[in-house]
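Take a slow tour of this protein with the structure open beside you.

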Amino acid sequence: MTIDEEALAQTRKRVLAGGAERYHAANAAKGKLFARERVALLVDEGSFVEDGLYANSLAESLPADGVITGTARIDGRDVCLMANDSTVKAGSWGARTVEKIIRVIERAYQYGVPMIYLVDSAGARITDQVDLFPGRRGAGKIFHTQVRASGSIPQVCALFGPSAAGGAYIPAFCDVVVMVEGNASMYLGSDRMVEMVTGEKTTLEAMGGARVHCAESGVGHFLTKTEQEALDTVRAYLSYLPSNWQNNPPATQAKDPAGVDLGALVPASERQAFDMRRYVKGLVDKDSFFEIQALWARELTVGFARMNGEVVGVLGNNSMFKGGVLFVDSADKATRFIQLCDAFNVPLIFLSDVPGFMVGSAVEKQGIIRHGAKMITAVSEATVPKICVVVRKAYGAGLYAMAGPGFDPDATIALPTAKIAVMGAEAAVNAVYANKIAALASEEERAAFVAERRAEYERDIDIMRLASELVVDAVVEPGDLRTEIIRRLAAARGKDRGFSRRRHGVTPV
């Protein structure tokens, strides 16, 4: 028996329409687009080629089995994508849903193109668990395939609704996650389940909402107000990356930087904060800075930018927040960003104004040593060109974490305001002379003694002395820094990317 053209057309029309009209209306009331509209708005017009359209087509209530998969182009470059259709059983997974997702990730990996996940799913269909959960091609294979593709191809998730239970790991295994405020959420157990298991009364928004994950947990990377903004963020993010690990990021027309006086921006006093984000914008091509995780661990600013048209990754300590001290979260933020850049051939620029890692019982209990070691491991293992710029200070292990001289940077550049030391002068004098200071009779004597010792310490760590000892490779004026970095990155472009004889290290997690 063959299907006639009219019956095929009717089936296709039904499948393309998604779920019942009432589900479309409910989504529209929340400001949510239909999954196929999201795809159309994201990709180049007419470029989407769908696979598995008729999955589960014999079951009229499961068009495409609740997920749209296929290939397309974004800004002329090939990509693969999947999009949950939340009008079909709330975007939940069945056996064919899982198979379609696995296949499209495998295809992206095989073709060497970015994989995009447009997620809006209630998770697995419990009624179908035997078919979708435990087997070799079950839900676990999705995550296994994502991990295999990680660092080989860019993987980007835009989250428009829930990403529940095991399904929450799809975003977790992506390079970055874009979340729409008010609708997007990620959680392993619903609020009802949490109350049943633990007795805690909470809400999905308070426990796993978009702002929670972008500002507190760090699982989210970009918080957007609308779905269109989320899709634009995906496109912008991909514009800084190659299609796969074997290619270089796409270059664009060079632009002059924004008109920021870098010398005037940095206060002479270490106690006075300045905004590293403004410093970055004054250094890189105008309007090219693309900050990542802007709401989380704000003491460290990270993001992509362009210098002379070429893509770079920038990390800078931001003294506007917690004095720029490195905490557990900022160490994790840096680790992930460094690994991302190293995976996709993006040179790294470290802008150091760091007092060091945080100390105290609270952070020790959180494992600051372990998290700091992760960051230093990532710095060590990164083989892309690395430039360390000491903008104002690099103290203690903060120097190491910001790619100091011992970590094979292609250059360590210091500004005339730079200081490199085990610790700042005030802390050092107190550490060495605490008993002597306490023994002095008057406040005047103590102040004079401390001032003299501080002056001695400052002379000991004078930046020109460090340059003469080859600790730093150059001391440049702020107005010359951009040109110096561009030239050094160009010289390092063909460097050997080998690091160590091994399969992989043992990460201090």
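The paragraphs below go through strands, a helix, charged pairs and one leucine.

This is a predicted model, in which local features need pLDDT of at least 70 and side-chain atom pairs count only at pLDDT 80 or more, while totals for chains, interfaces and linings use all residues. Residues are numbered from 1 along each chain as its sequence is written, and side-chain values use heavy atoms, with hydrogens and water left out.

Start with strand β2, residues 67-74. Helices (H or I, at least four residues) and strands (E, at least two) are DSSP runs, numbered from the N terminus. Six of the eight residues of β2 are buried, so the strand is largely enclosed by the rest of the structure. Buried means under 20% relative accessible area, exposed means over 50%, and partly exposed lies in between (1.4 Å probe, protein chains only).

Which strands pair with β2? Two strands pair if DSSP finds at least two bridges between them. Strand β1 (residues 49-51) pairs with β2 in the antiparallel sense, over three bridges. Here D51 stands opposite T69 of β2. Strand β3 (residues 77-84) also pairs with β2 in the antiparallel sense, over eight bridges. In that pairing, I68 has A83 of β3 as its bridge partner. The hairpin of β2 and β3 has two residues between the strands. There, D75 takes a positive phi near 55 degrees.

Now move to helix α19, residues 443-460. This helix has 18 residues. From first C-alpha to last it reaches 26 Å, close to the 26 Å expected at 1.5 Å a residue. The expected span is 1.5 Å times one less than the number of residues. Which residues of α19 are buried? They are F449, R453 and Y457. These cover an arc of only 70 degrees around the axis, which puts them on the same side of α19. The arc is that of the directions from the helix axis to the C-beta atoms. An α-helix has 3.6 residues a turn, so residues three or four places apart point the same way. The buried residues of α19 pack against β15 (419-421) and α18 (425-439). On the other side of α19, E443, E444 and R459 are exposed.

Next come the charged pairs. A salt bridge is a side-chain nitrogen of Lys or Arg within 4 Å of a carboxyl oxygen of Asp or Glu. By this rule the count comes to 29. Two of them lie in α19. R446 bridges to E443, with the closest N and O atoms 3.1 Å apart. R446 is partly exposed, at 23% relative accessibility. R453 bridges to E456 at 2.9 Å between the closest N and O atoms. R453 counts as buried at 11% relative accessibility, whereas E456 is partly exposed at 33%.

Another salt bridge joins the side chains of K32 and D120 (3.0 Å, N to O). K32 lies in the loop between α2 (21-29) and α3 (35-42), and D120 in strand β4 (residues 115-121), so the pair ties together parts that are 88 residues apart in sequence. Both K32 and D120 are buried.

Finish with L16, in helix α1 (residues 5-17). L16 is partly exposed, with a relative accessible area of 29%. Which residues does L16 touch, not counting those up to four places away in sequence? With contact meaning heavy atoms within 4.5 Å, they are F34, R36, E50 and L53. L16 and L53 are 37 residues apart along the chain, yet their C-alpha atoms are separated by 8.1 Å.
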